[in-house]
Amino acid sequence: MKLLFEASAPVRAPLATVRRLIDDGWLLNAFFHGRPDALSYVDVDHADGVVGFQGHWWYRGEIAAAEGPSGQTILTYRVFNVATRAAWAVPLANRLFIGYDRSVRDGVTGLAEAVDAHVAGTA
């Protein structure tokens, strides 16, 4: 498993609150919001405070929460290459997906904003 992309964003909610949202499935549903069919082709697994989802032949995504400064939580989204065959092709292909790294950053920023709105009761 090789890390391809990583992006983080701060969340105002305390770590315990964000981890509960990860552990009860709310965060995963928020991440795939607008793509209801996406969960039909990924395998999902959990560890405390981390949700992983794997699909296609090369992709594994993980979302985790860690303690940040001043009571904030840092939400991190990582994209891994888990290809067992032709693993060399994944980084090459990803370089051709212009803007993919930005979409990873935008995705975690949007997810952090959704968490803040949900916790504040404005979602």
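This report walks through a predicted model of one protein chain, from its overall layout down to a few residues.

**The overall layout**

Let us begin with the whole chain. It holds four helices and five strands, and their order along the sequence is β-α-α-β-β-β-β-α-α. The chain has 123 residues, and 40% of them count as buried. Its exposed surface comes to about 7,100 Å², with carbon and sulfur atoms supplying 54% of that area. How much of the contact between residues at least 6 apart in sequence joins residues at least 24 apart? The share is 61%.

**Strand E5 and its partners**

Strand E5 covers residues 73-81, and seven of its nine residues are buried. Which strands does E5 pair with? One is strand E1, residues 2-11, which runs antiparallel to E5 and is joined to it by nine bridges. Another is E4, which is also antiparallel to E5 and joined to it by nine bridges. The table shows one facing pair for each of these pairings.

| Strands | Bridges | Residue | Opposite residue in E5 |
|---|---|---|---|
| E1 and E5 | nine | Ser8 | Thr76 |
| E4 and E5 | nine | Tyr59 | Asn81 |

E4 spans residues 59-67, and together E4 and E5 make a hairpin with five residues between the strands. Ser70 sits in the loop between them. Look at the backbone here: the phi of Ser70 is positive, near 55 degrees, although Ser70 is not a glycine. Is Ser70 buried or exposed? With a relative accessible area of 79%, Ser70 is exposed.

**A buried glutamate**

Now follow E4 itself to Glu62, which lies in this strand. The relative accessibility of Glu62 is 15%; the cut-off for buried is under 20%, so Glu62 counts as buried. Its side chain makes a polar contact of 2.9 Å with the side chain of Arg60. Leaving aside residues up to four places away in sequence, Glu62 touches several others, including Met1, Val51, Phe53, Thr76 and Tyr77.

**Aromatic rings**

Two of those neighbours, Phe53 and Tyr77, deserve a visit of their own. The distance between ring centres and the angle between ring planes describe an aromatic pair. The model has five aromatic pairs.

**Helix H4**

Finally, turn to helix H4, residues 100-120. At 1.5 Å a residue, its 21 residues should span 30 Å, and the C-alpha atoms at its ends are 30 Å apart, so the two values agree. Which residues of H4 are buried? They are Tyr100, Val104, Val108, Leu111, Ala112, Val115 and Asp116. An α-helix has 3.6 residues a turn, so residues three or four places apart point the same way. After H4 comes Gly121, which has a positive phi near 80 degrees.

Definitions and conventions
Residues numbered from 1 in each chain as written. Predicted model: local features only at pLDDT ≥ 70, side-chain atom pairs only at ≥ 80, totals over all residues. Heavy atoms only, no water. Phe/Tyr/Trp six-rings, centres within 6.5 Å; stacked < 30°, edge-to-face > 60°. Helix = DSSP H or I, 4+ residues; strand = E, 2+ residues; numbered from the N terminus. Buried < 20%, exposed > 50% of the residue type's maximum accessible area, 1.4 Å probe, protein only. Contact = heavy atoms within 4.5 Å. Areas by Shrake-Rupley, 256 points an atom, 1.4 Å probe, with all protein chains shown as cover. Polar contact = N/O pair within 3.5 Å; in protein donor to acceptor, adjacent residues only side chain to side chain. Expected span 1.5 Å × (residues − 1). Pairing = 2+ DSSP bridges.
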